[in-house]
Amino acid sequence: VDQTYIMIKPDGVQRGLVGEIISRFERKGFKLTGLKMFQCPAELAEEHYKDLSAKPFYPKLIDYITSGPVVCMAWEGVGVVASARKLIGSTDPLQAEPGTIRGDLAVQTGRNVIHGSDSPENGKREIALWFKEGELC
Ligand code: ATP
Ligand code: MG
């Protein structure tokens, strides 16, 4: 069974979108296997986004992710990685389709509310990075 790491970014938490976002994944039919709220240290944000470390926006991205608490989630289900990316929508919320989380709830790429793993391999890697063994059901 596939697993994906979903994270509500600090703007999503601050704006009170946690329930709305969790509802969308629950209604779709995926299984929540991990959930916690967390003030992310810079080292963890840097490790999580290490593939983007050469990008010009990387320092701002680390500032953004560490600017307040995030909600960390592990979700399980057949095809959950690709399906979650569809539910989330395009990276730039102005390009994201209406009906998607970013399409409905965001306007700026630098404040796009939510993260979702981009491959099953990264799903496993990110869940292992953000959760300890005993925190997952
Ligand atoms: P995520 O990995 O957070 O799910 P994504 O896979 O849609 O998003 P990535 O290319 O992995 O997009 O970029 C990671 C995050 O970096 C984006 O979600 C966004 O918050 C930020 N980001 C990406 N491109 C830009 C940009 N051009 N300007 C500012 N921030 C950006
Ligand atoms: Mg990504």
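Author: Two residues are in contact if their C-beta atoms, placed from the backbone, lie within 7 Å. The model is predicted: local features need pLDDT of at least 70, side-chain atom pairs count only at pLDDT 80 or more, and totals for chains, interfaces and linings use all residues. Residues are numbered from 1 along each chain as its sequence is written, while chains are lettered from A and ligands numbered from 1 in the order in which they are written.

Reader: Among contacts between residues at least 6 apart in sequence, what share joins residues at least 24 apart?

Author: The protein has seven helices and four strands (DSSP runs numbered from the N terminus: helices H or I of at least four residues, strands E of at least two). From the N terminus they run β-α-α-β-α-α-β-α-α-β-α. Of the contacts at least 6 apart in sequence, the share joining residues at least 24 apart is 70%.

Reader: What part of the protein's residues is buried?

Author: A residue is buried if 20 or more other C-beta atoms, placed from the backbone, lie within 10 Å of its own, exposed if 12 or fewer, and partly exposed in between. Of the 137 residues, the buried part is 34%.

Reader: Is Phe 57 buried or exposed?

Author: Phe 57 lies in the loop between α3 (42-48) and α4 (58-65). The unreviewed UniProt entry includes Phe 57 in its "binding site" annotation, and such annotations may be inferred rather than shown by experiment. Because 11 other C-beta atoms lie within 10 Å of its own, Phe 57 is exposed.

Reader: Which residues does Asn 112 contact, leaving aside its neighbours within four places in sequence?

Author: Asn 112 is in the loop between α6 (101-105) and β4 (114-116). It counts as buried, with 23 C-beta neighbours inside 10 Å. Beyond those sequence neighbours, its contacts are Thr 91, Pro 93, Arg 102 and Ala 106.

Reader: How many residues in the shell around ligand 1 are polar?

Author: The shell includes Phe 57, Thr 91 and Asn 112 (C-beta atom, placed from the backbone, within 6 Å of the ligand). Three of its residues are nonpolar and one is charged. The number of polar residues is six.

Reader: Within what arc do the buried residues of α7 fall?

Author: Helix α7 (residues 120-130) has Gly 123, Glu 126, Ile 127 and Trp 130 as its buried residues. They line one face of the helix, because seen down its axis they fall within an arc of 100°.

Reader: Which elements do the buried residues of α7 pack against?

Author: Among those buried residues is Trp 130. The elements packed against them are β1 (3-8), β2 (31-38), α3, β3 (70-76) and α5 (80-88).

Notes
Ala, Val, Leu, Ile, Met, Phe, Trp, Tyr, Cys and Pro count as nonpolar, Asp, Glu, Lys and Arg as charged, and the others, Gly among them, as polar. The arc is that of the directions from the helix axis to the C-beta atoms.
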